[in-house]
Structure formats: C-alpha cells, structure tokens
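I opened a new notebook page for this structure. My entries follow the order in which I looked things up.

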Amino acid sequence: MFEGLSGRLGDVLEKLRGKGSLSQDDVNEAMREVRVALLEADVALPVVKDFIAKVKTRAVGQEVIQSVTPGQMVIKIVHDALVEMLAGQVGTPDEGEADRDRTAEILNLNVTPPVPILMVGLQGSGKTTTSAKIALRLKTTQRKKVLMASLDVQRPAAQHQLAVLGEQTGVDTLPIIMGQKPVQIAKRAMDEGRKGGYDVVILDTAGRLAIDEELMVEVAEVRKVTNPAETLLVTDAMIGQDAVTVATEFNDRVGITGIVLTRVDGDARGGAALSMRAITGRPIKLMGVGEKMDALEDFQAERIAGRILGMGDVVSLVEKAARTIEMDEAEKIARRMEKGKFDLEDMLSQLKQVRRMGDIKGLLGLMPGVAKMKKQIEAANIDDSLIKRQEAIILSMTPRERRHPEIIKASRKKRIAAGSGTAVPEVNKLLKQHQQMGQMMKQMKKMGGMKGMAERMG
Ligand code: GDP
C-alpha cells in the first residue's frame, strides 16, 4: 500500500541524499513535494497542512542544515512525524517484543463480562470478516469464550455469513431469529452472553453502501443499549477521501474507540489511514491483511510509516525471510548482489526462496524501492505457477548458460524451451526479467543495500 506516497517521497528524499549540507530551500522544496504527495495519496487537506507544519518546524528547530547527514535527518524527521501521527495511544511494541501478544492492550477488555465489542462501518468494509478474525484471536491468544451476533437484518445472507465464519473458527454465534430488529438482537446477544458465561460478545452491525440517517440512528441505538467496551470502525484501506466523511460521521454520531483498517494487503493508498487517525483522534488498532481468518495484525505505525516513505518494510521483510530462508544461501546471494553479480544460478536460488516465502506479491510489496517498480512487476505477472515454470526453464540450461546468460541465443533458447516444456517467448521473458532484476540489484546497491537502508530508517 501507499505507493503513491512512497514513490513521491522517494524521489524527493533521493535529491536530499548525499548532499553535504542542506539549505532551508531544500527543506522547503522537500516539504512542498511531501505536501503534493500526501494530497495525491488522498490525505485530507487539513491533515496535510498540519503534518507539513509540524515537520517544517521540527526540521528547522533541530538544525537540520548543520547536520552532518542532512538527508538522513530529513528522512528521520518525516518518518518520525508520520509514525507519531499514525500511532495511537496503543503505540507500537518495543524492540525485540514484536511477537508478544498485545491483544489485551489493544482492545479494552477490562469491564464486567460479557464484554461487548461493537463493529461498525460501511457495507463491504470487512466488518463481518474482521469480527470473526477478532473472535478467533481472542479465543486463541486470550482463551476467551466469545459469542458473535450479526445485527444485519438488511441482508438475510449476512447473519448466515457470520454463522459460517463462526463454524470455521469454532466460535459460537447467536442463533438466528428472523424478524427481530437490531436492538432486539443486541439485547438477546447480551442476555445469551451472560447466561452462557461468555467473556466477550461481538456485535456485527449492518452496513450501508454509503452513510445514511437510518444507519446512524440504528447503530447509535445499539450502542446505547449495549454500552460497548470497544466500538470499532472497520474501513477499507482503499477508501480514499471518503475516509474523512465516514470516520467523522461514525465518530460524531456513534462514537468510536478505534479503527480497524482492512485490505492493507491490497494496493491502497495511505491517505485513509492518516486522515482517519488525525481527524477522529482515535487509534488505528488493528489491520486486516488478507481474507483468511488469521490475517489480522496489530497496527504498526512504524511499519506503515516506513512503507509510506518508500523505504520498504524492512522490519517485516527481514522477519519473514528469517523464518523461511536458509540464511547462508541468502547471505551468499546478498554478497554477490552487493558486488553487482547476479546470474541465473542466483536467480534460481532466489526463485526457490521466494516461492517458499509464500505470498509473493505481498513480499514484493515489502521490498525497498519496489513500489516504484510495481507496474513493471505487475506487467511481468509474477505468480506461483509462473515461478515454477521459470525454475524449470533455468533447470533446463547448462551450468555455463546459467553463469553466462549472454551466450543464450536462438538455438539454445529452442533447446531450453523444449527441455522445460515451455516456449521460446517464455524463455525470452525470463531472460529479460533476469536483466531487470539485475538492474534492481544495482539500484539497491546504489542506495547502500539493505543495511544502508535500514540505517537510514533509523
Ligand atoms: P462487511 O460487509 O463489512 O461485513 O464485509 P465482509 O466482512 O463481508 O468483507 C467483504 C469482503 O472483503 C470479503 O470477501 C472478505 O473476505 C474481504 N476482506 C475482508 N477483510 C479483508 C482484508 O483484510 N484483506 C482482503 N484481501 N480481503 C478482506
């Protein structure tokens, strides 16, 4: 997500990099472009103004101009300001405790059980899915007994959908009684919660395609009768400028305690997250990163800010890699990459590792500088089956061909295609992609490699 911002800021900060000293004009120019980038990324204007003002004051106040490494300082200041703005009172985990379960800090569960959690938002925002994800998480990490209830009487299928997710996750759902009004269902759910000895009752309200009066009245009423410990606004990260209206309306009319951003795994721009956070003052607590029931993560301002800056999500990339990659092999490749060497043998090892790492597109999104190359990557249509074919192509080459791809001319291509059960155009495509990857490595090298980039993120 956030490539609109990251590409732009990437360009701006690139200019500042490597400069011996940074003038006031440089800061102003950088901030002008930061401003445009934020606006282009659908951040609401008042939020942008606020952000720029904050960063400018800070930049000048901290004497960036006299700093030894001005580029780094500006990146750090912009980065920190973004983190600050994105982070809620929930904050982000301290170093070294990334894996610690923070559910109890993120969600307020400190009221007499059953703890009501109210899910609100527009239709299709991911409310039902997120309800089930939260229920599953409370069940597995907090050992809570959870009851879910759908208050969506608009769409008959909605109540059924929640029941299906309940079965999938092993979480109880309130039996459906047709004809009941949302408030009645909510009361029944709380009664059932008390009688059944449940710790938490998750109430999934109906959504509409757009904000309307009836919806607001209905949700506010449900909130009044259930007095939830948490009222979570679920919004799609792709919502854009509408985020402001949606967040403002729900916060003013219903009152929310936090935001859950869904589809963070998609191509969303960053504006929504920034605007909603800034305008409501409510923390973004969790983020949905996929359709599967375990695809729910703590919202981590640091990581998102890193992505916004186009520095890549180095932290999660490293973590993900550490889990699955054979480190020795990876280091070997990294060393060769640093030297600007990257032959087809390396590409083969890398393809294997990438495949092991699972979701390829997700991973590419985490890599520094990739936001800019996103179009190219999409054009290359990278997916699992393609990777398997590519492996087959490289495996059909002789060791010499792998080390010296430049010797692969027409007749060799024909042989390789036949050997791998592919066609010559596919072989060509692979060779081209190898070249592109080589170029990407060079770019990364220019930026000082992964280590340099991590340092810059400070
Ligand atoms: P509701 O109308 O707000 O209850 O929305 P749903 O929960 O029915 O979600 C609508 C669609 O979005 C479903 O197909 C979900 O699988 C999908 N969805 C929800 N959250 C995420 C997410 O974080 N990532 C992705 N990729 N899809 C999601």
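I began with strand β7 (residues 284-288), which 3 bridges join to β8. The two run antiparallel. Strands here are DSSP runs of E with at least two residues, helices are runs of H or I with at least four, and both are numbered from the N terminus. Two strands pair if DSSP finds at least two bridges between them.

Next I noted the source. This is a predicted model, where local features need pLDDT of at least 70, side-chain atom pairs count only at pLDDT 80 or more, and totals for chains, interfaces and linings use all residues. Residues are numbered from 1 along each chain as its sequence is written.

Then I traced the whole sheet. It is open, has 8 strands with mixed pairing, and runs in the order β3-β2-β4-β1-β5-β6-β7-β8. β3 (172-173) and β8 (296-298) each have a single partner strand, so one side of each lacks a neighbour in the sheet. Helix α7 (residues 156-169) packs on the sheet and touches β2 (146-150), β3 and β4 (200-204). Contact means C-beta atoms, placed from the backbone, within 7 Å.

Last, I checked the chain totals. I listed 22 helices and 8 strands.

Notes:
Contact = placed C-beta atoms within 7 Å. Axes fitted to C-alpha atoms, helices over the stretch in contact; angles between N-to-C directions.
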